[in-house]
Amino acid sequence: MDSKELQAVFSRNIKDARARLGLSQLKFAEKADLSVGYVCDLESGRRWGTPETFAKLAAALGVEPFLLLMDGSAAEDGGSALRRKIAASAELDGILRRNLSEAADAAVAKSLSEFSRRNEGGGET
């Protein structure tokens, strides 16, 4: 997806989400603490938002900011499938980190034990 396509998805998602909530551009702009002209420019694809703008838009729409950039069914289901994948990935990351830490601790303990055994004979190295 190129930048023009991404901007079109962004603009469409803002407009569709606003419409689903039954908000006029004016009410939405007030809720997001943005000017109505700026909201109009975002929805029409004439402007991009800053990270701060993304956060304001997402909060006003009651969605996660990443959903504003998602095309198709991933955005339509509120991102729940993506959230499940992210949660599973985070869980796997935690398991891997824990296993790696345990393996490193065991390797260090084994090395220290072997070192101590070798040096018990009067400080020889």
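Okay, a definition to start: I call a residue buried under 20% relative accessible area, exposed over 50%, and partly exposed in between, using a 1.4 Å probe and protein chains only. By that rule arginine 18 is buried, at 10%.

Now, the ground rules. This is a predicted model, so local features need pLDDT of at least 70 and side-chain atom pairs count only at pLDDT 80 or more, while totals for chains, interfaces and linings use all residues. Residues are numbered from 1 along each chain as its sequence is written, and side-chain values use heavy atoms, with hydrogens and water left out.

On confidence: pLDDT is the predictor's confidence in each residue, from 0 to 100. The protein averages 84, and 81% of the residues score at least 70. When I say helix, I mean a DSSP run of H or I with at least four residues, and a strand would be a run of E with at least two, all numbered from the N terminus. Where pLDDT is low, the predicted coordinates should not be read in detail.

Let's go back to arginine 18, then. What does arginine 18 pair with in a salt bridge? The partner is glutamate 43, with the closest N and O atoms 2.5 Å apart. The pair links distant parts of the chain, with glutamate 43 in helix α3 and arginine 18 in helix α1, 25 residues apart. Glutamate 43 is buried too, at 9% relative accessible area. For salt bridges I want a side-chain nitrogen of Lys or Arg within 4 Å of a carboxyl oxygen of Asp or Glu. The structure holds four of them.

Another one joins arginine 46 to aspartate 41, at 2.9 Å between the closest N and O atoms. Arginine 46 is exposed, with 56% relative accessibility. Then glutamate 52 and lysine 56 meet at 3.7 Å, N to O. Both sit in helix α4, four residues apart, about one turn of the helix. Glutamate 52 counts as exposed at 53%, and lysine 56 as partly exposed at 24%. Through shared partners, salt bridges join Asp33, Glu52 and Lys56 into one network.

Okay, tryptophan 48. Where does tryptophan 48 sit? You'll find tryptophan 48 in the loop between α3 (36-44) and α4 (51-61). The residue is partly exposed, at 35% relative accessible area. Contact here means heavy atoms within 4.5 Å. Leaving aside neighbours within four places in sequence, the contacts of tryptophan 48 include Ser3, Leu6, Tyr38 and Leu69.

Glutamine 7 is 41 residues away from tryptophan 48 in sequence, yet 7.3 Å away in space, C-alpha to C-alpha. Their side chains make a polar contact at 3.3 Å. That term covers N or O atoms within 3.5 Å; within protein, one must be able to donate a hydrogen and the other to accept it, and residues adjacent in sequence count only if both atoms are side-chain atoms.

Last bit, the rings. Rings of Phe, Tyr and Trp (its six-membered ring) pair if their centres lie within 6.5 Å; planes under 30 degrees apart are stacked, over 60 edge-to-face, and the rest tilted. The whole structure has three aromatic pairs. Phenylalanine 10 stacks with tryptophan 48, 5.2 Å centre to centre and 20 degrees between the planes. Phenylalanine 10 lies in helix α1 (residues 3-20) and tryptophan 48 in that loop, so the pair ties together parts 38 residues apart in sequence. Tryptophan 48 also stacks with phenylalanine 54, at 6.5 Å and 10 degrees. Phenylalanine 10 is buried at 0%, and phenylalanine 54 is buried at 13%. Ring pairs link Phe10, Trp48 and Phe54 into a cluster.
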